[in-house]
Amino acid sequence: DDYAISFVAGDLEITKKALTVTAEDKTKEYGAADPANTVTYAGFISGEDATDLGGILSFSRTAGEDVAAYAITPSGLTSGNYAISFAAGELEITKKALTITAEDKTKEFGAADPVYTASYTGFITGEDATDLGGTLSFNRTAGEVVNTYAITPSGLTSANYAINFVGGELEITKKVLTVTAENKTKAYGEVDPTNTVTYSGFASGEDETYLGGTLSFSRTPGEGAGTYAITPA
């Protein structure tokens, strides 16, 4: 009753709500195509989601295809009601499995070892052994007698490949050795001469002393004038 009241309007200012759009971390193997990028959202009010935003979600990532971690940065979305901040994620490129296998080899007893080689499984298109570091080397189990010996490759390195070395085998096979009874002559009625042999095929530095058993002979029976086979064993 004592005041003449006048009403003056004020303002309610509705400010933008913070909304964070975060690129999700991704992983791919070296040489593979990039996976599809995705994001998570933090800050929507109840009942709203990405369909309430304007613009088009896009991504950029730090260039590179070698094994490393690369930033994925989202952008492009707009809103009249949200103050959008974009947070980067990471694309991790991991090493690709590469198997290096020593190829099986064969040599004859007494011969020099053959040149060792390897096969490769796992290279991406366009790459080969020249894209690896280090020097390929081989180790084999010691031994020169007839047997099978392990060949183990090693020495190659890579920043982009997880290298697995697989062993092969060197098989040493028997060498052909010919033991030939030497021809002999005797007169009718005489005692047989001493039988002897020649050897063809020994490895360098070896002779009949490296053989086992006892050299013996058999000959076709008969004492009349004629020719009789002498067989060593």
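Predicted model: local features only at pLDDT ≥ 70, side-chain atom pairs only at ≥ 80, totals over all residues.
User: Let's start with strand E2. Which residues sit on its covered face, and which on its uncovered one?

Analyst: In E2, residues 26-29, the covered face holds Lys26 and Lys28, while Thr27 and Glu29 make up the uncovered face.

User: Which strand does E2 pair with, and how do the two run?

Analyst: Its partner is E7, residues 89-94; the two strands run parallel and are joined by four bridges.

User: What is Leu98 in contact with, beyond four places in sequence?

Analyst: Its contacts include Leu132 and Tyr161, along with Thr121, Gly122 and Phe123. Ala162, Ile163 and Asn164 are also in contact with Leu98.

User: And how should I read a pocket?

Analyst: The general idea is to roll a probe the size of a water molecule over the atoms, which shows where empty space is left. Here, the largest pocket has a volume of about 420 Å³. Its lining has 22 residues, with Lys184, Thr185, Lys186, Gly226 and Tyr228 nearest the centre. By class, eight are nonpolar, eight polar and six charged.

User: Is Gly226 buried or exposed?

Analyst: Gly226 counts as exposed because its relative accessibility is 55%, and the cut-off for exposed is over 50%. You'll find Gly226 in the loop between strands E17 (217-219) and E18 (230-232).

Notes
Residues numbered from 1 in each chain as written. Heavy atoms only, no water. Buried < 20%, exposed > 50% of the residue type's maximum accessible area, 1.4 Å probe, protein only. Pairing = 2+ DSSP bridges. Contact = heavy atoms within 4.5 Å. 1 Å grid on protein atoms, 1.4 Å probe; cavity = no way out; pocket = protein on both sides within 12 Å on 5 of 7 lines; lining within 4 Å. Points joined across faces, edges and corners; volume = space filled by probe spheres on them. Nonpolar A, V, L, I, M, F, W, Y, C, P; charged D, E, K, R; others polar.
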